[in-house]
Amino acid sequence: MGIYDLKQYGFPDSIVDIWYNSDYEELLPIQEEAINRGLFDGNNLLVVAPTSSGKTFVGEMAAILYALKGKKSIYLVPFKAVADEKLREFQNRYNDSGYLIKISDSDHRENDEDIKVGSYDIAILTYEKLSALIVASPNLLENCDCIIIDEIQMVSDPNRGGSLELLLTKIKESVTKTQIIALSAVLENLNNFDKWLGAELIHFNQRPVELYQGVLYNGKFEYEEYNSRQNNQEIINASDLPSLVRHLLSINEQIVIIKNTVPQTQILAASLANSMLQLPASSKVMAELKDEHESETRDELMKTLRRSVAFHHADCEMNERNLVEQGFRDGHIRILVATTTLSIGVNLPCTTVILDDHKKWEVTNGSPAKVNWSVGEVRNIFGRAGRLLSDKIHIGKGIFIASNQREYDMVKMAYLKSPLEPLKSTLINKDITLRVLDVVASGYGKTEDEITDFIFKTFAAQTWKHESSEGQISLIIKKGIEKCIKYGLFEKIEEKVKPTELGKICASMGFSIESFEILRSYIQDFDDLEPMDLFFVASSVDEVKSYYYRGINWRDQNLRLKIQNRLIDLHTNNKLSGHFLREYERMTAGYQNMWSELFPSFTFALLSSDLVETNYGFDQIKKEYTFSVATIRKVTENIGWVLETIGKICKVIKPDLLINIERISECLLHRTPLDCHFLNKFSSILSRDEKIRLVTNGINMEDDFLEKDFDDFRGIISPAKANKIIQLINEKREKNHLYWEREHIRRLDRIQVNTEKVKEVYEKSGTDLEIVICDLLDTGFIDCVNTRITEQRDAEPDILLTFNEGEIFSIQVTAKMDNKHYVDSKKAGDVIPQSARYHAQGYICLGRPDFQGKAIELSTALAEMHNYKLLPMYSLVELYVRVKENLITPVEVARYIKETKGYLTVASINNFFEIKKF
């Protein structure tokens, strides 16, 4: 089937042209088969096919077709790096066509509210993020028509598989029958998983590009051809890695080498660069990398790239990884040494993948140990070779190297001749009480029988066939309910249980109940939460302090002495408080045996404080603690996760605590000082040091960038980066405005309501806009009377609303000439003094397209003194559309306008009316 044959299913020329220009001239067999099996008819599909067979495009086609119908799709991926890549890929293809692509994971929270209210066409999420959002908004799945689950074999992962399985069960049991499209390259023995999922299995065993998988020993490469399963061999004049690399380069191949540790990745890349003197420099990549901020990995990459060699691992900054990936795709890098971060999801076309280590490191009970790769991991790694992304690649090779007979025999037996591991459930690997909490908090069970019934619908339950097993699981569930009641996570009313607000938080954040209780007790006991004390408490839970952090040696005497001296200095200068102070003084009072237990928490608290409360450069902080970039990143991710939880608990039991925990958490996650928090949205472009320089020079808001010339950024950040940020700001603002205009017109068309007034609200300006808004208000969607002030004195409001009880609200209408500039704080605040002679009880600044960050911050302060609100134009139209859809009444809209304060987004409308679907 040709790509243009897709027009028969409703795809417009504009979309098919995009695909054709992305080298999709003909559909691959797996794609055509999926269509024939009901891909566009809403059928659930489990697509199992080798890497590079075209699985991903199956899900992509379905998502775009749903978007064309005004419906939503969620694309689930296992890792943040894959989510980032998928976001870039989809935005590059569909941004110019007006499709709204959103991402949400632990690094991207800015779109959470939009996803909850359905403000997206395609949302890209990690598994855990969707689980958390469902707990926070149990009806979220009702807004979604299709869910694509990439790497579905992760359901067998010992650590994460159980949560994915529970999520799949929720999707299956949701009121709206969401289409499920599950994808995997490494599944064979399904154990009836397809039947449990209710999906038709499409199993395709052929690769578009042949792959040879084998072992090199004594100059002979023995391999099996993937498609034909025939065994063959090739004589290669090589016996070790360097000689094999030279051979492959001599026949003009591009090579990926996989190592099992970060340090060895970098060491091997440096060694190969020093020995491959015949290779030219990767000049283009080096030039782009030069614009990135200085870091140890950047400097080392600049050295290896002189010989077309690069490395890729967790210690590299995200931009460094992106540049390396693109440089490899473009052919500027000939040898790439990487960890397994490249083995799942990241698309890099190459000829040969060498797995240089026969075992991997795995952390068990807090300690690392060498264990075998799984067969599935090996196939995923080798599957990177021969990907159908380059017309230059006709055969791929996956190669082990054996140095002796034992290694040769082991590799063949353990990896090359062994079948894939069977798919199995790992649901009960985790305390089942947490599964019970999750089920209730997500709204899938209210009684013991309903909870038990739901858990017995999981994939795991397929093996609970014996009466004794069922009885044992039922008893565990019963005890789990009792434990949740004991800790205040459930409340019981007669025979029903419902989650408390704390229970919802514990479930959505994924904490153990014991750790959650530590955090709750801390908040209950202390009224003054200082940042360093927060960091200490967050570092004290097992999820943080017992985690294995690569490269940290807690027996390092130099580190211990350094931390001890810092603590003495802080204590002497009265800089410790709260729980931190209490535990430190208890230890110094004679409980020296506590030092080993508290040392990690002390260290992480000091590190976190240095990151958000000082302007120290990042290299200075790394040097102080001798931690790698990846280690610091993981520490801050873990503590940020705890801080987010503390913030949610505070909202429930102590909402008046005077500390912006959310901001502290966000800044810690981005490793940014608190006064740079407005720049966190650009963390993919800016380093910590660059953010500090920008704020020092008075540039810390989006509009500050738009008001500067490129020369103004010299000496602060590169003009290229400034240009990229400005482009992102403009694109995002234009996209949000266009989305809401398109969405509101679509919904009104669906119910056959004239859309002319709404179109004019989005287009008119000045006096014409005031008239249009009054016309819209005259339709009665707000239970009030509106009066346009036609004889204004200097700087007075534009419209008055008079409610039935006699309250008067004044409205200042402000619209920017284009959609790329937002209403500033001065304009937003003017409505209060301008309304003096009308004795208004409430004040509204109605703005288009939206408001600047400083205006939003000011609205919070003004709302504490007045009934004041910022109302984006799209929020006003959203209220109008919902009334027309009979979701809310004019009386309810009037109550919303009168009772709410601050910045009123669509999310605030959603929260006020508790409407999760429109």
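Reply: E12 and strand E13 (residues 335–338) pair in the parallel sense, over four bridges. Strands here are DSSP runs of E, at least two residues, and helices are runs of H or I, at least four residues, both numbered from the N terminus. Two strands pair if DSSP finds at least two bridges between them. Phenylalanine 311 stands opposite valine 337 in E13.

This is a predicted model: local features need pLDDT of at least 70, side-chain atom pairs count only at pLDDT 80 or more, and totals for chains, interfaces and linings use all residues. Residues are numbered from 1 along each chain as its sequence is written, and side-chain values use heavy atoms, with hydrogens and water left out.

Now the whole sheet. Eight strands form it, open and mixed in pairing, in the order E10-E9-E8-E17-E14-E11-E13-E12. Strand E10 (231–235) and strand E12 (309–312) are the edges; each has a single partner strand, so one side of each lacks a neighbour in the sheet. From one strand to the next, the twist averages 25 degrees.

Helix H15 (residues 405–416) lies across strands E8 (210–217), E9 (220–225) and E17 (395–401). H15 runs at about 150 degrees to E8. Axes are lines fitted to C-alpha atoms, for helices over the stretch in contact (heavy atoms within 4.5 Å); angles run from 0 to 180 degrees between N-to-C directions.

Last, the cysteines. The disulfide count is zero, taking a disulfide as a pair of cysteine sulfur atoms within 2.5 Å. The sulfur of cysteine 146 has its closest cysteine sulfur, in cysteine 144, at 6.8 Å, too far for a bond.
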